[in-house]
Amino acid sequence: MEQQYPVLIVIIPMFTAMVLTLAGWFKPAVCQPLAVVGLLGSFLSAVATLLQIGAGEVISYRLGGWEPPFGIEYRVDSLNALVLVMVSLVALLVAIFARKPVEKELGNKISNFYTLFVLLVTGLLGMTITGDAFNLYVLLEIAALTSYALLAMGRGRAYMATFNYVILGTIGACFYLLGVGLLLIKTGSLNMADIGTILPKLVGSETVLVAFGFLMVGVWIKMALFPFHGWLPNAYTYAPTATSCLVAPLMTKVSVYIMLRIMFTVYSADWIFNVIQWKPVVMVLAVVAILMGSFFALAQRDIKRMLTYLIVAEIGYMVGGAWTGTAAGLTGTIYHIMADGLMTVCLFMVIGSVVYRKGKAHFESFKDAFQSMPWTMGALIIGGLSMIGVPPTCGFFSKWYLISGAYQSSDYAFIVALLISSLVNAILFIRIVETAFFSATPSEIPDPHAHHEVDYADSPVSMLIPMWVSALALIAMGLYTGEIVTRWILPILPGGLI
Amino acid sequence: MIWPYDFGLLLLVVITAILALNLRDLMGASIVFGTYSFLMCLLWTAMAAVDVAFTEAAVGAGVSTVFFIATAYNIKKEAKD
Amino acid sequence: MSQSIVSFTPLAIVLTSALAVIPISLSGRNPNLRELWTFLAGFLKLMLLFSLLEPVTKGIAVQFELWKVLPGVSLHFSVDAFGLLFAFVACSLWIPTSLYVIGYMRGLKEHAQTRFFACFALALSATAGVAFAGNLLTLYVFYEILSLSTFPLVAHHQDGEARTGGRKYLTYLLATSIGLVLPAMIITYQMTGTLEFSSMGIYGDTVKPGTLLVLLLLFLYGFAKSGLMPLHSWLPGAMVAPTPVSALLHAVAVVKVGVFCNLRVITGIFGIEILSKTYLDTVICVIAGVTVIVSSLIALSQDNLKRRLAFSTVGQLSYIILGAGLAQSYAVKGAMLHISMHAFGKITLFMCAGAIFVASGKKYISQMVGLGHKMPFTFGAFLIGSLSVIGLPPAGGFISKWLLLKGTIAAEHWPMMVVLLGSSLLNAAYFFPIVYQAFFGKGILPENENVKEAPLACTLPLCLTAVISIVLFVYPEPFLTLATLAVGE
Amino acid sequence: MEWLQINYNYLLVIVLLMIGLWAMIGKNNLVKKCIGMCIFQNAIIMFFISMGVKAGSTIPILNYTKIDGVKTYLTEASMYANPLTQILMLTAIVVGVATLGMALTLVQKIYSEYGTCEEDEILEKLN
Amino acid sequence: MKVLSLIIALVMGALLTVILDDLPAWGDAQSPANAHVSAYYLENAYKQTHVPNVVTAVLADYRGFDTMFETGVVFVAVIGIMAILRREGVPKGAKSRKRPPHQPPDPAITGVATRFIVPFMQIFGLYVIAHGHYSPGGGFQGGVILGASVILMAMTGELKSALNRMSEDWFIIMVGLGFLIFAGVGLACMFYGGNFLDYSALAPLFSGTPQEAAITARYHAMLWVEIGVGFTVMSSMFAIYTYLASDGWMDRGL
């Protein structure tokens with residue numbers, strides 16, 4: 001049983017999806033509980049896998065029992081084990097959270113929604129865990145197709161936004177496929193680790209270089225790095241609440257993980273930072289992404305849209321951290337993949353419940369929110385602090401490592417960009433909290449204890465629980481930073497870094 | 001394989017592709033696209049990839065074309081370019 | 001410190017008021033019970049502090065490691081004499097302040113008092129945390145918590161003005177701490193691999209003076225709570241807060257925390273020796289000296305009493321930094337002492353301002369002509385407070401300023417001596433007219449005719465603090481000994 | 001000419017890739033964008049297939065000879081075309097048609113939303 | 001926009017043209033792509049699976065996991081398109097008319113022709129599925145042909161006549177079912193103690209020495225897998241067509 005955990009992570013949600021289709025077509029009510037159960041199962045097996053992995057060792061699971069380069073292989077080291085846990089946890093939380101918003105927004109498509117939801121999670125988990133370049137492509141497409149459908153369920157403007165996403169996403173996926181093809185033609189293998197062993201013999205081959213280019217651009221389009229970010233804000237803004245809660249935190253992070261895989265497992269840190277001289281360019285992209293995301297976020301009145309721009313900025317964090325070429329920076333990126341996943345889901349859930357109560361998420365809808373929905377706002381504050389990077393939330397520590405890395409590789413522009421973006425976050429969240437906290441002037445408040453009389457309409461418990469779990473997870477993760485880094489991240493850092 | 005024959009086929013493929021993109025009548029474009037797929041599957045048979053050719057004949061030339069036609073039928077409009 | 005013991009007491013001290021938040025916010029419907037909690041917490045804190053006095057005076061550092069966050073860095077408390085001194089000031093002033101708050105709040109029927117008290121308590125435990133912080137990270141954490149927990153207090157009135165002030169307050173503090181302190185801290189960690197305070201300084205001799213200068217500036221301005229010019233303008237801006245809050249901000253918690261952080265960094269991270277070796281102490285002196293003079297000059301021109309007090313605070317804080325900058329044991333001792341002396345003096349002044357406002361609704365000095373006869377206690381206390389701030393006997397301020405002067409002489413920093421003396425004159429120049437006008441000024445405003453003293457809850461605490469600052473002149477030992485220990489003679 | 005004879009397959013792939021990409025980004029009509037998408041994917045499939053071709057090889061279905069009445073299959077790798085790329089492309093084709101279906105669905109939805117499927121018209125309807 | 005796209009396309013073209021000379025010559029049997037992994041397949045596929053069509057062997061066994069998710073992709077497409085396109089108020093599985101009824105083209109000729117063709121198409125499709133081990137074809141191709149036969153009915157006659165033969169309920173069930181068959185085979189392997197999709201673990205179900213049994217197991221498991229794929233593809237093609245053609249109203253083919 002123990003050696004089956006890796007595959008269970010993926011196939012449990014997969015089977016859940018099929019059962020959901022068949023059951024949901026006749027009885028939609030059973031969908032959400034089923035989905036929660038399935039995702040819980042996959043979360044538990046992800047945790048079990050993570051705990052199985054000792055320092056720096058790799059679990060290899062042979063699908064179909066064929067030995068690696070010939071069959072498809074699952075390779076789990078603590079890097080993707082961590083990402084797996086994050087993804088399945090976030091998915092589980094959102095699945096619990098989704099019940100009411102889905103009932104409200106997509107009344108008669110509940111079964112479809114949950115099927116796609118679970119399949120999307122399957123795709124993301126599969127992308128994370130697989131060690132086979134082409135298998136990754138197939139799951140990439142599964143994740144992409146499901147997210148198209150989920151985003152397009154948002155009606156109205158969502159259709160056009162999603163169509164653009166379809167076009168760009170397909171370009172991205174095809175570039176990835178093209179890169180894999182170029183690698184295949186030079187190495188004859190599809191297994192990432194196997195390719196990684198063959199590539200060093202091919203130094204100086206333009207094909208390998210161009211392949212790297214295509215892979216990177218493909219992944220960057222998928223993760224909406226500047227200048228490929230055009231599709232993201234619209235697509236996420238007009239999506240249904242539950243969808244954006246799931247897609248926004250996970251899609252981009254998993255793509256970042258794939259970028260790390262390509263950079264450090266398929267290619268090698270030494271090749272990337274010593275043979276080819278791309279670092280300056282990518283750092284510029286990252287810096288621009290951060291600044292642009294932050295400033296566009298400043299301009300938004302709709303909080304959900306603001307958050308989508310913040311996602312663009314966060315992508316800049318992670319790409320920049322990985323490309324500093326320092327151990328600290330890479331640590332920061334890996335840590336931030338998880339931290340940002342949790343923060344984003346927390347904030348999106350908050351916004352989701354505000355939308356659920358007040359209809360939309362403009363600044364105006366936050367008036368007096370502290371009196372009417374205190375718990376939700378509490379979660380908002382924790383999430384916001386983590387975004388700003390206030391200790392002891394985990395946002396602080398990811399910034400800590402990122403800045404350390406940038407300092408070691410003396411990318412001062414990146415440091416400045418990081419600081420500026422956290423200042424912008426500070427301003428943004430101060431604005432929100434202010435509207436939510438102090439919108440009522442004393443004159444409007446008749447007596448000293450007015451806030452006890454203000455109508456109390458906090459979000460339903462089914463939404464509050466996941467929200468607060470994620471919020472507390474932010475703090476817990478911040479406190480356990482030392483543990484996580486020393487036990488799981490440091491052992492798998494590739495050689496050849498500063 | 002005989003490469004001039006092959007070469008002619010390639011030219012045809014490119015022509016149909018461009019034609020499919022530049023026909024204003026969507027229905028016509030769909031049909032031309034079907035032709036394009038079919039030429040593709042001929043090419044692949046010539047390259048000894050029978051299964052792929054078979055699939056392309058069924059999926060590409062068959063079903064995708066039908067999908068295009070269905071959409072073109074529901075969108076009763078000429079394309080601007 | 002030579003030896004050290006591990007004890008929960010520091011944690012307990014930090015937690016008392018933090019935990020007090022829960023019952024306070026729960027008993028929101030019953031004000032008396034709510035304030036009972038506040039006082040209980042306050043006294044408990046004070047008791048615990050006294051229990052720490054005994055080991056610390058023996059020169060034993062009380063350690064407590066709270067949590068390991070990063071390899072090599074942990075959140076931990078380490079109580080030394082300086083920290084204890086500061087904690088004493090903060091906690092002993094908390095009780096009169098909250099007594100005063102009650103009087104003030106109920107006097108004016110303020111809204112959302114529960115929120116107010118909760119944040120108040122939280123701010124105090126943050127202050128204690130800063131006082132006991134054993135390394136830079138801990139200091140930073142509690143510094144941030146303080147900024148956040150005082151934000152609701154500053155913006156308490158919730159009207160446009162208050163909101164602007166609050167926004168300015170939080171933006172300044174967060175921006176500086178994230179934008180300047182964080183990188184400085186990370187760079188320090190990268191260079192030295194540690195963030196623990198040590199009296200020798202942690203940089204060693206390898207670091208180039210240029211780098212040191214940059215880091216110093218980052219730290220000095222990063223802890224913007226200390227109101228060094230040009231990053232001082234949040235302080236007058238925060239004057240929109242209710243008076244007790246200004247009292248808390250200016251005397252007890254916020255600004256003192258800023259100065260405390262600066263002193264900690266100067267003595268614990270850089271170390272006096274390195275500073276004087278690289279002549280960075282002069283930089284500090286210049287920055288502080290300029291702030292002292294300029295702020296005093298601005299204060300002269302203010303008519304709003306609270307604004308004038310605010311600018312005087314800016315000046316007085318720079319005294320403290322100046323003292324540290326002189327890099328000379330007398331001066332440092334004087335600086336540490338000045339934290340407490342100025343605290344008592346300034347809180348008296350603010351309470352007076354508040355009392356005047358409660359009693360007569362007057363904010364502007366020009367409107368206070370002749371009020372002295374109507375409310376003698378208040379203005380008497382005001383006189384004593386201003387004496388203490390100016391640094392004249394018979395008030396505690398005299399001792400600290402005297403030590404500072406001795407420091408300048410011993411360090412032969414003549415320009416700084418001139419600065420000190422000149423600014424004292426300026427202080428006198430902007431305080432005495434108020435008192436004089438109040439007692440001997442002719443032409444009292446008609447609506448002030450039937451003004452009486454503010455309610456007892458307001459008047460009692462300010463008399464209390466005034467008396468304390470006189471007592472401190474006669475009997476400064478408790479603070480003096482602690483300061484002496486801290487300097488380490 | 002020599003160079004052309006060696007590389008014409010790859011050249012075709014490149015040409016088709018360019019056409020497809022150009023159509024996907026540059027075309028104004030959404031259906032045309034979809035056609036471009038198909039051409040793009042087809043080109044990549046073409047690329048994989050032509051990388052698997054071996055001169056003088058046959059389809060990857062094993063031949064056998066009767067050696068005294070016993071079927072023995074000939075498993076000489078150079079005899080047969082590369083099966084791996086073909087399998088990958090089978091998958092790619094199906095993925096392509098699925099994506100196409102999704103895209104066309106969206107086109108129809110957009111059409112019923114805005115009454116047109118020309119990008120510029122939609123954009124000006126949007127704001 | 002047009003210029004930009006042109007530039008991008010040209011850049012990409014240029015990049016690829018540059019590396020042409022670095023690629024192995026076209027049709028080179030010794031190029032790494034043809035040597036490393038694929039050679040192994042050609043040499044061992046028959047030994048290990050007794051399936052002469054190497055493509056089928058690799059598709060359904062060596063890389064069976066890909067194929068399963070490929071089926072998954074089709075599955076996703078159906079569910080997704082249904083979620084987006086299906087109109088509210090169309091009762092489940094029924095064929096209501098929300099739009100004004102339209103006159104279908106007179107089905108006399110096409111209809112009759114279809115009635116002749118469809119049975120042959122379907123038999124051929126089944127043959128392609130079943131014979132995939134020995135000749136080109138397999139689950140996908142056969143499935144698509146079967147689907148096409150139903151689509152043909154819907155195109156020529158009314159959608160109704162097709163939906164009477166395969167109603168919405170049915171194709172949703174079948175889409176799920178096919179995927180379930182495929183994954184179920186994999187799960188069965190796990191229950192028999194092997195890895196997921198490791199068909200040889202099913203050996204105990206078959207007679208013969210362990211090796212032979214394992215080979216037979218692979219052989220049969222592949223057949224099941226292909227059937228599963230066939231189910232899914234067939235019904236999904238028809239489903240997608242139905243939704244697309246009727247624009248989600250479920251009331252008419254073209």
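## Which chains meet

Chain A and chain B do not touch; the nearest C-alpha atoms of the two are 15 Å apart. Contact here means heavy atoms within 4.5 Å. Chain B and chain C are not in contact either, with their closest C-alpha atoms 53 Å apart. Six pairs of chains are in contact, and among these chains A and E share the most contacts.

This is a predicted model: local features need pLDDT of at least 70, side-chain atom pairs count only at pLDDT 80 or more, and totals for chains, interfaces and linings use all residues. Residues are numbered from 1 along each chain as its sequence is written, chains are lettered from A and ligands numbered from 1 in the order in which they are written, and side-chain values use heavy atoms, with hydrogens and water left out.

## The interface of chains A and E

Chain A brings 62 residues to this contact and chain E brings 52 residues. Together they bury about 5100 Å², 73% of it on carbon and sulfur atoms. Buried area is the accessible area (1.4 Å probe) that two parts lose on being put together, summed over both. On the chain A side, A:W25, A:W66 and A:F70 supply 18% of the area buried against chain E, more than any other three residues.

Polar links are present too. The interface of chain A and chain E has 15 residue pairs in polar contact, both residues at pLDDT 80 or more. A polar contact is a pair of N or O atoms within 3.5 Å; within protein, one must be able to donate a hydrogen and the other to accept it, and residues adjacent in sequence count only if both atoms are side-chain atoms. Several elements of chain A each supply at least two residues to the side that touches chain E, including helix 1 (5–26), strand 1 (59–62) and helix 6 (158–187). Helix 1 of chain A gives the most, with 11 residues. By class, this side of chain A has 38 nonpolar, 16 polar and eight charged residues. Ala, Val, Leu, Ile, Met, Phe, Trp, Tyr, Cys and Pro count as nonpolar, Asp, Glu, Lys and Arg as charged, and the others, Gly among them, as polar. Helices (H or I, at least four residues) and strands (E, at least two) are DSSP runs, numbered from the N terminus.

## The interface of chains B and E

Here 17 residues of chain B meet 21 residues of chain E. The two chains bury about 1700 Å² between them, with 75% of it on carbon and sulfur atoms. In chain B, the residues that lose the most area to chain E are B:D51, B:F54 and B:F67, together 34% of what that side buries.

Chain B and chain E have zero salt bridges between them. Five residue pairs are in polar contact across this interface, both residues at pLDDT 80 or more. The chain B side that touches chain E divides into 12 nonpolar, three polar and two charged residues.

## Salt bridges

Side chains of opposite charge can pair when their charged atoms come close. The whole structure has 16 salt bridges over all chains. A salt bridge is a side-chain nitrogen of Lys or Arg within 4 Å of a carboxyl oxygen of Asp or Glu. One of them joins A:D77 and A:R261, at 2.9 Å, N to O. A:D77 lies in the loop between strand 2 (73–76) and helix 3 (78–105) of chain A, and A:R261 in helix 10 (residues 241–266), so the pair ties together parts that are 184 residues apart in sequence. A:D77 is buried, at a relative accessible area of 11%. A:R261 is buried as well, at 10%. Buried means under 20% relative accessible area, exposed over 50%, partly exposed in between (1.4 Å probe, protein chains only).

C:R167 and A:E434 form a salt bridge, their closest N and O atoms being 2.6 Å apart. This pair crosses between chains, from helix 6 (residues 160–192) of chain C to helix 18 (residues 412–438) of chain A. C:R167 is partly exposed at 37% relative accessibility, whereas A:E434 is buried at 5%. Between chain A and chain E there are two salt bridges. In one salt bridge, E:R63 meets A:D132, with the closest N and O atoms 2.7 Å apart.

## Confidence in chain C

Chain C averages a pLDDT of 82, and 98% of the residues score at least 70. pLDDT is the predictor's confidence in each residue, from 0 to 100. Within chain C, confidence is lowest in helix 9 (residues 243–252), at a mean of 71, and highest in helix 5 (residues 136–154), at 87.
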